Amino acid sequence: MPPTPPRSSSRPPRGRAPEKKKGSSLGKIIVLVVVLLLAGVGLFVAGKVTPTIELEKQMDAAAEALTLESVASLSGAIDKHEKAVNRNDAVKLGNEIIALQIKNAASTANYHSLEKIEEQLKTNADLKQFNTEENRDLVAAGWKQLLAQMAREIQSLESFRTLAERLRTAPTPAEADIRQLVEFKLPVSFSPETQRINNAAYAAAIVSKNQNLIASLLESAANPEEMRAGTEETCKDCAGLGTVACASCTRNPGKCPACNAKGTLTAATGAKGKNFTTTEIACKRCEGTGNCTACKGTGKRECFQCKGTGKRPNSDLARLTMQEALETLVAKADVRNAEYKLLREKYLK
């Protein structure tokens, strides 16, 4: 047999230490450095993310409210979250809300709102960072636009004054003037007075006794009862009840006068000598119910004069209501004119 070859061994010869893998220590150092860098980046990002999220919430609230108060709260959040990455966006949003507030006040000639905006930007410490030259220029431009809008209002109110004077002094208001009053386009600042104008127009129609116009105005009214206020008196025919006694059943109210509430009538069926044979048949007038068909058994009918309302138009009351409404509107127009003159002297120097 051939000799067996000696077994190979991976063990190093005795007396020699095993060789260390090159680069193992360097790799550990690199891994450690990477871990530390990632941890640092994580802490840095965490320091930015939380303030950004909180500021974003405040921005959402401000965008929903669209008020100066919400801008003041947003300003506080901007100062608080110095590390937020969206601070510039928050400032931009605040400026946009202020610009929108100025625009709305100017377009509706709401000078109280514009005065508030101007005052808040000057005195409210929470709005200090928004008291910029750009926003001050916007306020100044807003005043010019507002005063131009008020000038148009004053011109429109002068036309209204002329119309109101014709209606107040005419013995019988003209239908054309009444319709013009109904269709008159009030300035935006006078929108709450729309119902007063409608009341004045309806009262004028009552004074003119124009039944077609009266019916037309009531039909188009959102609240007919409110429109009739101040133009009616208690109906004298029904004492305000809206009903009167039924004329068809005065002796026995609510009962059929033909059968006296029995529902049947006695009818002859034949003759037998000197006697007649009879039978009971259903009353044709009430069809056997025994009730008065005119009032359906109630004994009452709707008052013809007031149509069941219990009230009747009174032209004297209507004239007073018309004149009071028109005088109130003219007085408000005078106040508006005086306000315009003061604001013009203050802001259009």
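1. Helices (H or I, at least four residues) and strands (E, at least two) are DSSP runs, numbered from the N terminus. By that convention Ser 75 belongs to helix 2, which covers residues 68-80. The model discussed here is predicted: local features need pLDDT of at least 70, side-chain atom pairs count only at pLDDT 80 or more, and totals for chains, interfaces and linings use all residues. Residues are numbered from 1 along each chain as its sequence is written, and side-chain values use heavy atoms, with hydrogens and water left out.

2. Overall content. The protein has 10 helices and six strands. Of its 349 residues, 31% count as buried, where buried means under 20% relative accessible area, exposed over 50% and partly exposed in between (1.4 Å probe, protein chains only). A contact is defined as heavy atoms within 4.5 Å. Among contacts between residues at least 6 apart in sequence, 72% join residues at least 24 apart.

3. Ser 75. With a relative accessibility of 2%, Ser 75 counts as buried. Its side chain and that of Gln 129 are joined by a polar contact of 2.7 Å. Such a contact is a pair of N or O atoms within 3.5 Å; within protein, one must be able to donate a hydrogen and the other to accept it, and residues adjacent in sequence count only if both atoms are side-chain atoms. Leaving out residues up to four places away in sequence, Ser 75 touches Asp 126, Gln 129 and Phe 130.

4. Helix 2 against helix 3. Helix 2 packs on helix 3 (residues 87-107) at an angle of about 165 degrees, and their axes are 10 Å apart. The two helices are therefore roughly antiparallel. Axes are lines fitted to C-alpha atoms, for helices over the stretch in contact, and angles run from 0 to 180 degrees between N-to-C directions. Angles under 35 degrees count as roughly parallel, over 145 as roughly antiparallel, 65 to 115 as roughly perpendicular and the rest as oblique.

5. Handedness and make-up of that contact. Helix 2 and helix 3 cross in a left-handed sense, meaning that the near helix is turned anticlockwise from the far one by less than a right angle; clockwise would be right-handed. Residues making the contact include Leu 74 and Ile 78 of helix 2 and Ile 97 and Ile 98 of helix 3. By class, the contact residues are nine nonpolar, two polar and two charged. Here Ala, Val, Leu, Ile, Met, Phe, Trp, Tyr, Cys and Pro count as nonpolar, Asp, Glu, Lys and Arg as charged, and the others, Gly among them, as polar.

6. Asn 86. This residue sits in the loop between helix 2 and helix 3. Asn 86 counts as buried at 5% relative accessibility. Apart from neighbours within four places in sequence, Asn 86 is in contact with Thr 52, Leu 55, Glu 56 and Met 59.

7. Tyr 111 is in helix 4 (residues 111-123) and counts as buried at 9% relative accessibility. Beyond residues up to four places away in sequence, Tyr 111 touches Trp 143, Leu 146, Arg 336, Glu 339 and Leu 343. Ala 125, in the loop between helix 4 and helix 5, is exposed at 64% relative accessible area.

8. Helix 5 against helix 10. Helix 5 (residues 133-169) and helix 10 (residues 315-347) pack at about 155 degrees with axes 9 Å apart, and are therefore roughly antiparallel. Their crossing is left-handed. The residues of this contact divide into 17 nonpolar, two polar and nine charged.
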